[in-house]
Amino acid sequence: MACFFNCSEVEIEHNEENVIYVNESSLELFCGETRQLTASPTESTFSWVSEDPEIADVDVHGMVTAKSKGNTRIVVSSGDNKEYVEVDVEAPASKSVQAHAGKGRVQFEVVIDNEYVQTVKVECVTDHTSMEHVVDGQSGVFKFFYEGLDEDAHNFSVTCIDRFGNVSDPVEVSANVYGAEYQSALRNRGVAVATRFGNGLVIQWKDIPGDCVLNYKNAQGDEVEKVVPASETNTYLYDFSSDLTYTSRALPEVGAVDTFTVGPDRLEVFEDLRAVLTSSTPCVIHAFNFDLGGEGVGYHDDDPGNNSGNNYRAEKGDVNSPGVDLEAGGNVGYTSHGEWLMYTVHVQDAGTYAFDLERAVNNEGRNGYYSLEIDGVSTDYVFMQDDNDWNAYKWQHETYPENQPQINFTEGKHTVKFVLGKDGDHGKVNFRNLRFTFVGE
């Protein structure tokens, strides 16, 4: 390389033997924790000294032991050369603290991710009391209760203490405590409608204070407990028999660990619409009082909408049956072939019962048909004369005695499916009542 203008080489000395390298420039330790320091170059001899052994001590091999809270330095020497390692010693603390409201108490949830905490101390700043929960050097999630607190909003200071008595910086949390005052303001869930149809009970709730627990007897006489969530506004009990009580459960706030209860109160059925067959009196079933369960269970309707807009079923608490066309005249209308309604009957007196139907037929000269399925077994089709008048209601078999179904019922519960139409017939029939009359044993 060419050099101009009085250029000369300069040699720079690298006196690396005078430099000490330490594997850590600073340490953050808990009391009682140890950490190994190493220095290089390895052919050198080093001495290790702590500026404050009461905070952190170091042995001749560079092993540092944290003793108490504070700051100091470890001095590493080799001849005239020195290197310093900053040491910050803290009391072990919690990773997180949560406080959950309760009934006369608060639940604390403390997360500890080290093995140096011996005790968690909680001080109630509001009433100047305190408690301790032993952790004993374990890590994990610790849940415990602070009991005996007055109904109020409370502030707490949470600290961790190690085995040397060192105390961490406090964590401030707050929580509500609920008690008699909150309890006295609660009311059991109100009932707007409670209707018993042939195959069950439907309850329409009035308000939503919280979850509700129902206790009742089913058809077999067994005790049943059912939890009704606060979001459920209409409850269906298909196995209900008797003796229903209910208790509301109120959670004071989201995350609270204790639930308050109100009740139990006895539920009185507003209306009992079950069909009961006896030998003494004919049983007339209003066409609107078909079974609960909705489409495919209580009925089948080809048109999902209620063309006539009568809200009878919803008013009785059943919001699952909007597809049946209930007309203001008290009849089921807008019918077509293959549609059906299910009726559960309760036979008190076993024997033979004659069936009849109050209907009006206006089927454009094509007449009408119906059939029954008793406990799933079909009867013969019954022909209905076309009257060409939607208002000409008549009892089919009082007017036309032929082909009247005669059904033998044993004592107990039975299902009667009323089916419209035959062989593709349109089934345009209005009907408003079904009747069973005892005719003999």
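Predicted model: local features only at pLDDT ≥ 70, side-chain atom pairs only at ≥ 80, totals over all residues.

Author: The domain assignment divides the protein chain into domain 1 (21–90), domain 2 (96–181), domain 3 (190–270) and domain 4 (275–440).

The centres of domain 3 and domain 4, taken over C-alpha atoms, are 31 Å apart. Contact between the two involves 12 residues of domain 3 and 15 residues of domain 4. The size of an interface is often given as the accessible area lost when the parts come together. For domain 3 and domain 4, about 1,100 Å² is buried between them, and carbon and sulfur atoms account for 55% of that area.

In soluble globular proteins, nonpolar side chains tend to be buried together. Here the largest nonpolar core has 39 residues, and those touching the most other members are Y343, V345, F355, F409, F418, F431 and F436. Because domain 3 (190–270) and domain 4 (275–440) both give residues to this core, it lies between them. A second, separate core comprises 21 residues, among them F108, I112, V117 and A175.

F355 gives a detailed view of the largest core. When neighbours within four places in sequence are left aside, F355 is in contact with Y370, L372, H397, Q404, P405, I407, F418, L434, R435 and F436. Two of these partners, F418 and F436, are themselves listed with F355 as core members that touch the most others.

Domain 4 (275–440) also includes S308, located in the loop between β27 (299–300) and α2 (312–315). S308 counts as partly exposed because its relative accessibility is 27%, which falls between the 20% limit for buried and the 50% limit for exposed. Beyond its neighbours within four places in sequence, S308 is in contact with D325, L326, E327 and Y334. G333 is 25 residues from S308 in sequence, with 8.0 Å between their C-alpha atoms.

The peptide bond leading from G263 to P264 is cis, and its omega is near 10°. Most residues other than glycine have a negative phi, and most peptide bonds are trans. Another cis peptide bond joins S40 and P41, with omega about 10°; P41 is in the loop between β4 (39–40) and β5 (47–50).

H128 is not a glycine, yet it has a positive phi of about 60°. H128 sits in the loop between β12 (117–124) and β13 (129–134), and it is exposed, with a relative accessible area of 72%. D136, likewise not a glycine, has a positive phi of about 60° and lies in the loop between β13 and β14 (140–146).

The chain as a whole supplies the setting. The protein chain contains three helices and 36 strands. Its radius of gyration is 42 Å, whereas a compact globule of 441 residues would have one near 22 Å. The C-alpha atoms occupy a box of roughly 130 × 75 × 35 Å along the principal axes. Buried residues form 45% of the 441 residues. Of the contacts between residues at least 6 apart in sequence, 64% join residues at least 24 apart.

Conventions:
Residues numbered from 1 in each chain as written. Heavy atoms only, no water. Core = buried A, V, L, I, M, F, W, Y, C linked by side-chain atoms within 4.5 Å. Buried < 20%, exposed > 50% of the residue type's maximum accessible area, 1.4 Å probe, protein only. Domains from an automatic or database assignment. Contact = heavy atoms within 4.5 Å. Helix = DSSP H or I, 4+ residues; strand = E, 2+ residues; numbered from the N terminus. Rg over C-alpha atoms; globule rule 2.2 N^0.38 Å. Buried area = accessible area lost by both parts, 1.4 Å probe.
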